[in-house]
Amino acid sequence: MLSGRVVNWTLSQEYSKTSFVLHIDRRADLDEAKQWIKDAMAASPHFVKERDSGISVQDISEEMIYLSVSCWVNFAANTSSFKNDVLIILYKQFEEKGLKFYSVLPPKS
């Protein structure tokens, strides 16, 4: 590192990666819930569709399924707005189906 040049590629683009964990009711159909999450992400104007995104099962408890959600947003400053958009849509969807759902702090890397 002392003899080479370090290039910060994040400065050449405005995208920012974000991730958070959702706890969803274990009674929820997992495939259907994943689709709801994908739809909620795509509905946000801050979501970058051209970049990779993912939803993976992080853990399963007696009552909840813990899903790790990661994707790219158009600007780092829009991370909170993006999460707000997603959570509002999902809250309404889960509430309509009578299912519990929670959001927690971003996962530790």
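**Contacts and aromatic pairs in a predicted model**

Apart from its neighbours within four places in sequence, Lys100 is in contact (heavy atoms within 4.5 Å) with His23, Ile24, Asp25 and Phe94. Lys100 lies in the loop between α2 (79-96) and β4 (101-104), and its C-alpha atom is separated by 5.0 Å from that of Asp25, although the two residues are 75 residues apart along the chain. With a relative accessibility of 46%, Lys100 counts as partly exposed, where buried means under 20% relative accessible area, exposed over 50%, and partly exposed in between (1.4 Å probe, protein chains only).

The model is predicted, so that local features need pLDDT of at least 70 and side-chain atom pairs count only at pLDDT 80 or more, whereas totals for chains, interfaces and linings use all residues. Residues are numbered from 1 along each chain as its sequence is written, and side-chain values use heavy atoms, with hydrogens and water left out.

The chain has 2 helices and 4 strands, which run β-α-β-β-α-β from the N terminus on; helices (H or I, at least four residues) and strands (E, at least two) are DSSP runs, numbered from the N terminus. Of the 109 residues in the chain, 31% are buried, and residues 24 or more positions apart account for 74% of the contacts with a separation of 6 or more.

Trp36, placed in helix α1 (residues 30-43), is buried with a relative accessible area of 9%. Not counting residues up to four places away in sequence, Trp36 touches Leu90, Gln93, Phe94, Lys97 and Leu99, and the C-alpha atoms of Trp36 and Leu90, which are 54 residues apart along the chain, are separated by 7.0 Å.

A search of the whole structure finds 3 aromatic pairs, a pair being rings of Phe, Tyr and Trp (its six-membered ring) with centres within 6.5 Å, counted as stacked if the planes are under 30 degrees apart, as edge-to-face if over 60 and as tilted for the rest. Trp36 and Phe94 form an edge-to-face pair, at 5.0 Å centre to centre and 85° between the planes. This pair links distant parts of the chain, with Trp36 in helix α1 and Phe94 in helix α2, 58 residues apart. Phe94 is buried, at a relative accessible area of 1%. Phe47 and Phe82 form a stacked pair, with 6.3 Å centre to centre and 15° between the planes. Because Phe47 lies in the loop between α1 and β2 (54-60) and Phe82 in helix α2, the pair ties together parts that are 35 residues apart in sequence. Ring pairs also link Trp36, Phe94 and Phe101 into a cluster.
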